[in-house]
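Biologist: Let us go through some labels and ask what stands behind each.

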Amino acid sequence: MTPDRARAARELLAFYLETGVESLVGEAPVDRLADRGEDAAAAVPQPPALADRARSAAPASGFAARNGETLARPGAPPPQTPLRDPAAVIPSPAPMPPDSAVMAAREAARSARSLDELRAILERFEGCALKFMAKQLVFADGNPEARVMFVGEAPGREEDLAGLPFVGRSGQLLDRMLAAIGLDRTRAYIANIIPWRPPGNRDPSVQETQICLPFIQRQIELVDPDVLVCLGKPSTAALLGVNDGIKRTRGRWFSYHTGTREIRAMPTYHPAFLLRSPLEKRQAWRDLLAIKKALAE
């Protein structure tokens, strides 16, 4: 394998690992649900893990590369295909039908009497497939007693690793935005519509949003802020039911109904958008000043 092809192979395998793929599919089908017994199960060869393949993408010692093929040198032992213990392969639970998952989410969210209970319920909830592809739950950050709550769309890679929302570049910008109006994470509460990172930082699907929506709605009820800030169009559409572009809705006051009270809500630009469009920071600054004024009332 040429150096360029080896590098491309390693980068491709690294991409697969990043998106949550853990192993390659073998050429022959294997019924893992059949009762084979210990001896028969141990005899079934398993495809090597991607991490093992990534490490072996470059020619190993004892082999020579020629015309894209890896050839054994005289006297070198033949290559061995690593086997995986079938017992170590834990299949993901069968996905719940979307309608059933939404109903289960609504029932589970209603049962939470505190934020700690809601977090524990989310840790156990298996109705959203994103849970099985993310590293951990990203529940919230900040002060649950704060008067203002910021809600984004979904966590990214840095958030997935840290288990906290808005800790990457967009989070650093959000911190500076808060500081500009005299706030920080001890005086604000921050969460997302989706509490698990979508693979590859893709946009959450409509079904994934609908499944997770009851949990963020209950989270808002439990925090009970005086001002709700929707960061970006997806958060605005999910929470306020407004599907206009964020440039048309930002800076306007809406009412968010919890069932027991109305909360003043304002859409504004997501910090990630401001990183791509820095000229829009002037408009975001106006939104921040309006939020500051509302909190002073």
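Modeller: The count comes to 11 salt bridges, each a side-chain nitrogen of Lys or Arg within 4 Å of a carboxyl oxygen of Asp or Glu. This is a predicted model, where local features need pLDDT of at least 70, side-chain atom pairs count only at pLDDT 80 or more, and totals for chains, interfaces and linings use all residues. Residues are numbered from 1 along each chain as its sequence is written, and side-chain values use heavy atoms, with hydrogens and water left out.

Biologist: What makes Glu-221 and Arg-218 a salt bridge?

Modeller: Their N to O distance is 2.8 Å, and the rule asks for within 4 Å, so the pair counts. Both residues lie in helix α8, three residues apart; helices are DSSP runs of H or I with at least four residues, and strands are runs of E with at least two, numbered from the N terminus.

Biologist: Why is Arg-218 called buried?

Modeller: Its relative accessible area is 19%, and buried means under 20%, exposed over 50%, partly exposed in between (1.4 Å probe, protein chains only). Glu-221, at 32%, therefore counts as partly exposed.

Biologist: Which label does Glu-297 get, buried or exposed?

Modeller: Exposed, because its relative accessibility is 61%. Glu-297 forms a salt bridge with Arg-264, the closest N and O atoms being 3.1 Å apart. Arg-264 lies in strand β8 and Glu-297 in the segment after α12, so the pair ties together parts 33 residues apart in sequence.

Biologist: Which residues are linked in a network of salt bridges?

Modeller: Arg-147, Asp-224, Asp-226 and Arg-261.
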